[in-house]
Structures are given as structure tokens and as C-alpha cells.
Amino acid sequence: MTVQHYSWHIGDYIKDTAHLSDAEDLGYRRMIDLYYTIEGPLPLDLKALCRRARVSHEVAEQLLSEFFTRTEEGFRHARCDRELD
């Protein structure tokens, strides 16, 4: 079964992202959407990730370091993993 929709916790999102630039905010939303679309960690290949999420290398690096954890499987996001479980 694939993810068709997910809960969006507006207050949590705003609390965690109010400091982001417009490009970072858009990139983060795209990375979260990609996470749910592939139902798991984002790819470790930064070039491929940037292409799939349509974000710059600089934005991707910033967001990955702030919101994701690098693992052998890929870049994990704790909230997304909880929602997918």
C-alpha cells in the first residue's frame, strides 16, 4: 500500500521552520513529500536527491544537516518515520 496522503501538523511545522528562507521552506516541503512518496529515507546520492526534490545543493545540505539523520539506508526523518509506521 502506498501513501496517498499524510497528516500535516501546521503548528509543529511553523514552530520548527519559521527561521527558514523561502527557498529552504519550499525545499523542505519537497523533501518531506519525496520522503512520503518513496515511503522511506531520502537517497544518499546528493545530486540525485537535489534533482528529485528540485532543490539546490546548498539548500539540500542545509536542510539535511538540520532536519535529517544520515544512515546507511539514506537520510531519515524521525517525524516522517513515525507517520509511516
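Before the first pair, a word on terms: an axis here is a line fitted to the C-alpha atoms of a helix over the stretch in contact, and angles run from 0 to 180 degrees between N-to-C directions. Keep in mind that this is a predicted model.

The pair is α2 and α3, the latter covering residues 46-53. Their axes are 9 Å apart and cross at an angle of about 100°. Angles of 65 to 115 degrees count as roughly perpendicular, so α2 is roughly perpendicular to α3. On the α2 side, the residues that meet α3 are R30, M31, L34 and I38. Their partners in α3 are L49, R52 and A53. By class, this contact has 5 nonpolar and 2 charged residues, and no polar ones.

Now the chain as a whole. The chain has 5 helices and 2 strands, and from the N terminus the order is α-α-α-α-β-β-α. The radius of gyration is 12 Å, close to the 12 Å that the globule rule gives for 85 residues, so the chain is as compact as a globular protein of that length. Along the principal axes, the C-alpha atoms fill a box of roughly 35 × 30 × 20 Å.

Last, the pocket. How much space lies in the largest pocket? About 240 Å³. Its lining has 15 residues, and Y13, Y28, I32, H77 and R79 lie nearest the centre. Helices α1 (10-17), α2 (22-38) and α5 (78-84) each supply at least two residues of that lining. By class, the lining divides into 8 nonpolar, 3 polar and 4 charged residues.

How values were computed:
Residues numbered from 1 in each chain as written. Predicted model: local features only at pLDDT ≥ 70, side-chain atom pairs only at ≥ 80, totals over all residues. Heavy atoms only, no water. 1 Å grid on protein atoms, 1.4 Å probe; cavity = no way out; pocket = protein on both sides within 12 Å on 5 of 7 lines; lining within 4 Å. Points joined across faces, edges and corners; volume = space filled by probe spheres on them. Helix = DSSP H or I, 4+ residues; strand = E, 2+ residues; numbered from the N terminus. Nonpolar A, V, L, I, M, F, W, Y, C, P; charged D, E, K, R; others polar. Parallel < 35°, antiparallel > 145°, perpendicular 65-115°, else oblique. Contact = heavy atoms within 4.5 Å. Rg over C-alpha atoms; globule rule 2.2 N^0.38 Å.
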